[in-house]
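This report describes selected features of one protein model, taking a pocket, a helix and several charged pairs in turn. The sequence and structure are shown first.

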Amino acid sequence: MIHKAKILEIIEETHDTKSIKFEKPEGFNYKPGQYCIFDHRANGEIIKRSYSLSSSPTEDFLMITVKHIPNGIMSTHLHQVGPGDVLDFVGPVGKFVFEESMKKVVLVAGGSGISPFRGMSEYIIDKKLDTQVIIIYGSRTPKDIILQSTLEKYNQEHDNIRLFLTVDHPDDGWKFHQGFISIDFIREAIKGNLQDYIYFLIGPPLMVTSVKDALMKAGLPEEIILLDAWG
């Protein structure tokens, strides 16, 4: 079924990333972490692209967070739309989902992969779940950190959510971790038994594969590692 929904608000997240809030169709139910497939007609053909929902099922709107890709037809289109425009999409789709039975989770993201973790975090907060959440997020530079103020608010206001940031290229004011997401960085964030957690990995395939391999080399079973690699 193709849904049509009117855009409600555009939020500038970074120099190249926007969040798009739009109407939630009546009866539209989804789980935190799922995605939708968006359609756009360009040059006589229909372009389809998948975007994770960065909203939570507990919210009365839907939201996606879109990084502009140079020469990317869909991301360029989505960076040009505004309130009142209509989005066409199908969904929800995907098994990369948070379940309420999960009591300890590590959310590992690279770049715009952070999007579904907003939805998961909001869901845990709104449902008042006691799930322990560790967010580990890697970006190229400090100015590329998407949803930074939202993530920092989670970290400051909720005892069960902890945030760990790292960048490849820090500026002079950077006070946090530098470099790729290594097993040592993950151990430093968890400060406990790695096997007590469920791991969600999302982002560029090289990052996702590297982190998965490091976790498995540390002795973690594959069934507690959930993947969403894109490229």
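## Pocket, helix and charged pairs

The second largest pocket holds about 460 Å³ of space. Its lining is made up of 24 residues, and those closest to the pocket centre are Gly110, Gly111, Gly138, Asp168 and Pro204. Two elements, β8 (132–139) and α5 (205–217), each give two or more residues to this lining. The largest share is that of α5, with five residues. Sorted by class, the lining of the second largest pocket consists of ten nonpolar, nine polar and five charged residues. The model is a predicted one, and local features are reported only where pLDDT is at least 70.

Helix α2 comprises twelve residues, 115–126. At 1.5 Å a residue this helix should span 16 Å, and the 17 Å between its end C-alpha atoms agrees with that expectation. Is α2 largely enclosed or exposed? Ten of its twelve residues are buried, so the helix is largely enclosed by the rest of the structure. The buried residues are Ser115, Pro116, Phe117, Arg118, Gly119, Met120, Ser121, Glu122, Tyr123 and Ile124. Just after α2, Lys128 adopts a positive phi of about 55°.

Charged side chains form the next topic. Side chains of opposite charge can pair when their charged atoms come close. In the whole structure, a search finds ten salt bridges.

| Salt bridge | N to O distance |
|---|---|
| Lys21 and Glu9 | 3.7 Å |
| Lys48 and Asp39 | 3.2 Å |
| Arg118 and Glu122 | 3.9 Å |

In the pair of Asp39 and Lys48, the closest N and O atoms are 3.2 Å apart. Asp39 counts as buried because its relative accessibility is 18%, under the 20% cut-off. Lys48, with a relative accessible area of 49%, is partly exposed.

The pair of Arg118 and Glu122 lies within helix α2, where a separation of four residues places the two about one helical turn apart. Both Arg118 and Glu122 are buried. Which residues belong to the network that includes this pair? Salt bridges with shared partners join Glu59, Arg118 and Glu122 into one network.

Leaving out residues up to four places away in sequence, Glu122 touches Ser56, Thr58, Glu59 and Tyr154.

Lys95 is found in the loop between β6 (86–93) and β7 (104–110). With 80% relative accessibility, Lys95 counts as exposed, the cut-off being over 50%. Lys95 and Lys31 are 64 residues apart in sequence, while their C-alpha atoms are 9.0 Å apart in space.

Terms used. Residues are numbered from 1 along each chain as its sequence is written. Side-chain values use heavy atoms; hydrogens and water are left out. The expected span of a helix is 1.5 Å times one less than its number of residues. Buried means under 20% relative accessible area, exposed over 50%, partly exposed in between (1.4 Å probe, protein chains only). A salt bridge is a side-chain nitrogen of Lys or Arg within 4 Å of a carboxyl oxygen of Asp or Glu. On a 1 Å grid over the protein atoms alone, a cavity is a set of points where a 1.4 Å probe fits but cannot get out, and a pocket is an open set with protein on both sides within 12 Å along at least five of seven lines; lining residues have an atom within 4 Å of a point. Grid points are joined across faces, edges and corners, and a volume is the space filled by probe spheres set on the points. Ala, Val, Leu, Ile, Met, Phe, Trp, Tyr, Cys and Pro count as nonpolar, Asp, Glu, Lys and Arg as charged, and the others, Gly among them, as polar. Contact means heavy atoms within 4.5 Å.
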